[in-house]
Amino acid sequence: MLLSGHYLAATAIALLLSLVSYLLLTGPQRKLVYNRTIPWFKLTERGQPTSSSKTPPRSVSPEKKPPSNIPPPSQYKDIFPPWRREALSSAVASQTSTGKARLPGVMTESTHSSFRMGLLPFTTDYRTCTAPAFTYTPMGIALTEVAALGDFPDYAELSGVPLPAPYQDFKIESALPRPYRPFRWAYHQTMSLTKMETDWWLELEQEYVKSIRDRKELFATRGKMMLDYLPGSELACKELMEMALQFLCARYPHYFSLSYSHDKGYVFHNGILHNETVVKDMHPLHVLLENVPEDFGVMLRNPDDGHYYLRAGVLCSSLGWTLGSKLGMQLKEIHGPIPDYKEKMEFSMDRYFAKLPTARPIQRGSWGLEVDKPLFMPPGDPHEAYRDSQLPASQLPLSRVHLRVDWQTLRRLPLSGAIIFNFKALFTPVEQFREEPHIPALVAHLLRHAPEHIMRYKNTWHVEHVALPALERWAKEQEDEGLVERGWEVATLDESPFFPGWEGRWRGAQGF
């Protein structure tokens, strides 16, 4: 009992001295002590410790979508993407010896309190920041650490997404895009996300040279309607460009390479176009315009509210909208015209963007039917007139009707925390469906039975009078020939987003 009493007395004295010491601190000192101690004791309702620099927020997988009727959290600004600070040391180890020499004392874990107080302002260029050691990206990385990594760091290590395997059989002269058929039944308006096939992030095909030429000509006439960037997007644009060039060099090593010299810095060698790009001589998005025939949108987290906004992009394939009309908008504003977005998808998308990890990029496809091959169609474009009426069949042969698929990917960048939305527009003559098992019946069923407002948004009506009879005729033909089992119940194919036997047919068309 006496020993226990001594312990109680000692404890009381210690608590008293701690209280006196705390009261003698200044206001900022008290705040720092509070921020560093309270998280160790504070528990959530389920007994889990609150988020700290070592416990990033949980991520949401595409397969586990929250119910759409749950109200969104009031403070997205308190939700940060999962960090990968543990990858910094490994990424630095792969740098040159010069790079390693610049790092003493840099790779230390940032405290949660200083991180929150030192977030890089939304519109600030990271290169002009006056206190880089105390300024952080949403990924918990100090700007001094970004500088120490230098140009073209090991993004595979930083992101957790490996570089692609070399595509040994690839020949640009005969290369065809994979035959994406993202048709689903029963049809529901959802995000419909799947894990990205990382070897296919950027997919080249035989129209590469023409695509690059067309995109550059489009920029020459349209300018900021399809390529632009706002203040604060500098780090994300650089990061995206470097990741894209690293991907091309790893995937197609017989066509692309990077070299470095003291006078020019990094130079990208393009063996298809037979030219070189001195990377430092142009904005990162222009490097992409010159070499990568895909569209990119850069979404940045606003520290004031935690929501994501479109802050930069190169978008040459938009229908009914342009980059210029969407730049600066919040995610929900960008998707405002999409049917059921607010009621069924807004919460899921906001939450997904808030918690998407760098190591879990995703893919999805959207589709529509078009007359000819409209690639860039801003509001008021003459081609829009085709969508307002049904041309007589005599003026609209089936050969002019095409499936347009926008094959999309979504991934988070490991340094800036930006989310990159990219897509490529692919056109397929509807006549090709005749040889593809199940596709005619599936598309015909969608045209007849999918929700009317969804199909109206997809703009299929203006060609249905020509396409639908052919699709139903081919569906019966496939049953009669035994290509499809008779009485097949229409449903999403197991091979989605492709079709049975697609790969052999696709490879054979390319000669391997």
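Visitor: Which backbone oxygen does the side chain of Thr358 reach?

Guide: A polar contact is a pair of N or O atoms within 3.5 Å, where, within protein, one must be able to donate a hydrogen and the other to accept it, and residues adjacent in sequence count only if both atoms are side-chain atoms. Here the side chain of Thr358 reaches the backbone oxygen of Ser159 at 2.8 Å. This is a predicted model, in which local features need pLDDT of at least 70 and side-chain atom pairs count only at pLDDT 80 or more, while totals for chains, interfaces and linings use all residues. Residues are numbered from 1 along each chain as its sequence is written, and side-chain values use heavy atoms, with hydrogens and water left out.

Visitor: Is Thr358 buried or exposed?

Guide: Buried means under 20% relative accessible area, exposed over 50%, and partly exposed in between, with a 1.4 Å probe and protein chains only. Thr358 has 2% relative accessibility, so it counts as buried.

Visitor: Which residues does Thr358 touch?

Guide: Contact means heavy atoms within 4.5 Å. Not counting residues up to four places away in sequence, Thr358 touches several residues, among them Arg84, Met139 and Pro414.

Visitor: What about Ala142, is it buried or exposed?

Guide: Ala142 is buried, with a relative accessible area of 5%. Not counting residues up to four places away in sequence, Ala142 touches Pro132, Ala133, Thr135 and Tyr136. Ala142 and Gly118 are 24 residues apart in sequence, and their C-alpha atoms are 9.0 Å apart in space.
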